[in-house]
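Please have the model open while reading this note. The points below go through a cavity, a sheet and a helix pair.

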Amino acid sequence: MNNPLQFPATTIVDKLIPKAQFVKASSTPTALRSLLAEEFEEIRLLYVLRPDTINVAEGNEVKEIDVFLFRCKPEHYSINPFCGIDDLIPRHTIYIIEHGNHTDLLMQHKRRSVVAGTVKWSREVSRLLTDIDLATRPLQIEGQNLDRVYFNFFSQISGYRIDNSAAITEIKELENRIAKMKREAENLQKRVRNEKQFNRQVELNSQARSLKRNISELEVQLDNLRK
């Protein structure tokens, strides 16, 4: 019995998933068939976490968490295929990715909503924990309902305190703002180096210092959200 995360026996499925199952659900089956054949040796559904398998209450957002094992053929991989595959799975998911002698954990937060009686899924944020040792039990099942179990998993992988989808969105927005402002600061520094007029250099340096202060303030906000 394959139980790399040492989860309760009630959660174990350990079922080989035919690649054709994903191909059938895809709107671009030919491209996906080629990608799956080239990239992955095998795909297994290892665990299914539901209220009845881990003895917790139902969640408002999360109804089921499926944990997959993907064994990659090449030593190096891109998470892009996982984005496409995840769009085909109408459940919250976690991926154990084996590549070469390394193992990674991937979570791609998806938001579930009901529009006019139809369930819709939107994938929003990816978090990757690389080169992990499964013997250290990197994921612990914690929480009194399935929402808390899921967001605690996301906390363990991301390193942030995550209570709900809004927290994930806030962190991503902060990270994006910081990255954008750092690019702007780098561009300002280049303009300073290329500027011949002293007064203009002073003005650009002042803008760069102001931008760096704003970056530092946002980084403090982000650090305060860490576990």
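How do the residues of the lining of the largest cavity divide into nonpolar, polar and charged? Point 2 answers this.

1. Basis. This is a predicted model: local features need pLDDT of at least 70, side-chain atom pairs count only at pLDDT 80 or more, and totals for chains, interfaces and linings use all residues. Residues are numbered from 1 along each chain as its sequence is written, and side-chain values use heavy atoms, with hydrogens and water left out.

2. Cavity lining. The lining residues divide into six nonpolar, one polar and one charged. Here Ala, Val, Leu, Ile, Met, Phe, Trp, Tyr, Cys and Pro count as nonpolar, Asp, Glu, Lys and Arg as charged, and the others, Gly among them, as polar. The residues are Val 125, Arg 127, Phe 154, Ser 158, Tyr 160, Ile 162, Ile 168 and Ile 171. Elements giving two or more residues to this lining are β6 (118-129), α5 (146-158) and α6 (165-194). Helices (H or I, at least four residues) and strands (E, at least two) are DSSP runs, numbered from the N terminus.

3. Cavity size. The structure holds one cavity of 30 Å³ or more. The largest cavity has about 30 Å³ of space. A cavity is a set of points on a 1 Å grid over the protein atoms alone where a 1.4 Å probe fits but cannot get out; lining residues have an atom within 4 Å of a point. Points are joined across faces, edges and corners, and the volume is the space filled by probe spheres set on them.

4. Sheet. Six strands form an open sheet in the order β1-β2-β3-β4-β5-β6, with mixed pairing. Two strands pair if DSSP finds at least two bridges between them. β1 (12-16) and β6 are the edge strands, each pairing on one side only. Twist averages 20 degrees from one strand to the next.

5. Strand pairs. β4 (residues 92-99) and β5 (residues 102-115) are antiparallel over six bridges. Ile 96 has Leu 105 in β5 as its bridge partner. β5 and β6 also run antiparallel, joined by eleven bridges. There, Val 114 has Val 119 in β6 as its bridge partner. The β5 and β6 hairpin has two residues between the strands, and Ala 116 takes a positive phi near 55 degrees.

6. Helix pair. α6 and α7 (residues 198-223) pack at about 160 degrees, with axes 9 Å apart. Therefore α6 is roughly antiparallel to α7, a term for angles over 145 degrees. Axes are lines fitted to C-alpha atoms, for helices over the stretch in contact, and angles run from 0 to 180 degrees between N-to-C directions. Residues of this contact divide into 13 nonpolar, six polar and eight charged.

Key: On a 1 Å grid over the protein atoms alone, a cavity is a set of points where a 1.4 Å probe fits but cannot get out, and a pocket is an open set with protein on both sides within 12 Å along at least five of seven lines; lining residues have an atom within 4 Å of a point. Angles under 35 degrees count as roughly parallel, over 145 as roughly antiparallel, 65 to 115 as roughly perpendicular and the rest as oblique.
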